[in-house]
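The stops below go from one selection to the next.

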Amino acid sequence: MRIAKGKKICIICEGYEESDYIDTLKNKRVFSNKYEFKPINVKSINNIVPRYQEKFQSDSYSLVLIFCDTDKGPSDKYKEIKQKINEFHEADIANDIIIFGNPSTMQIILSHFTEIKLKSQSKSVNAKYIEELIGIQNYKATEEQRKELFSKIKRDNYDTMKENVRKLSTNDEDTSSTNILKFIERFESDNDSWIDKINSRL
């Protein structure tokens, strides 16, 4: 008989970078062992809401979250996700369900290495920062490039990331913003009452 490790948290990830990032942090053991994380790469922003609804209705998890880019704007697609999540739950809950990076998740990833404020979600635009900070040339998020990128994330620069993102806006309408700190501080804590508080509103 399988013994559960603790609260099971499913994270619906927009793409490879989001799911790889969660897996990397899991492997660095920076989170409390009270939680068992299951990142699911849905490979497109268009697949986020249906997969979220599917996993939520499966009753297989203590909580289901979403991890995605806002893109510039934020984009209509991102706004639509928030609206549909709120409509699905008949509550203003999206901000407690969605982990975002504005303009992209790379804003969070590069914060492991320096204090930075990205202005574009474009991989071609941000490739120069990735080459400068990590040494990966012409970054296009290939599997090999992602492996090299995430191999550079260590426990010591995890704390650097937290300090750098602490200086960013948590408003998803602001360019160069993210709310990930709110979530990872919860993930680090043995006190899992925050999950019950969210579920009480769903």
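Select Lys-182, which counts as partly exposed because its relative accessibility is 31%; buried means under 20% relative accessible area, exposed over 50%, and partly exposed in between, with a 1.4 Å probe and protein chains only. This is a predicted model, where local features need pLDDT of at least 70 and side-chain atom pairs count only at pLDDT 80 or more, while totals for chains, interfaces and linings use all residues. Residues are numbered from 1 along each chain as its sequence is written, and side-chain values use heavy atoms, with hydrogens and water left out.

Lys-182 and Asp-96 form a salt bridge, with 3.4 Å between the closest N and O atoms; the term stands for a side-chain nitrogen of Lys or Arg within 4 Å of a carboxyl oxygen of Asp or Glu. This pair links distant parts of the chain, 86 residues apart: Lys-182 is in helix α8 (residues 180-188), and Asp-96 is in the loop between α3 (76-89) and β4 (98-102). Helices (H or I, at least four residues) and strands (E, at least two) are DSSP runs, numbered from the N terminus. Asp-96 has 16% relative accessibility, so it counts as buried.

Next, select Lys-167 and Glu-115. Their salt bridge has its closest N and O atoms 3.1 Å apart. Lys-167 lies in the loop between α7 (155-165) and β5 (177-178), and Glu-115 in the loop between α4 (106-110) and α5 (123-134), so the bridge ties together parts 52 residues apart in sequence. Are these two residues buried or exposed? Both Lys-167 and Glu-115 are exposed.

Move to helix α7 and pick Lys-162 and Asp-159, which are three residues apart, about one helical turn. Their side chains meet in a salt bridge of 3.9 Å, N to O. Lys-162 counts as buried at 13% relative accessibility, whereas Asp-159, at 43%, counts as partly exposed.

Now select Asp-96, Lys-182, Arg-186 and Arg-201 together: salt bridges that share partners join these residues into one network. The structure holds 17 salt bridges.

For the last stop, select Glu-17, Glu-18, Asp-69, Lys-123 and Ala-141. Of the 16 residues lining the second largest pocket, these are the closest to its centre. Both α1 (16-27) and α5 supply at least two residues each to this lining.

Terms used. 1 Å grid on protein atoms, 1.4 Å probe; cavity = no way out; pocket = protein on both sides within 12 Å on 5 of 7 lines; lining within 4 Å.
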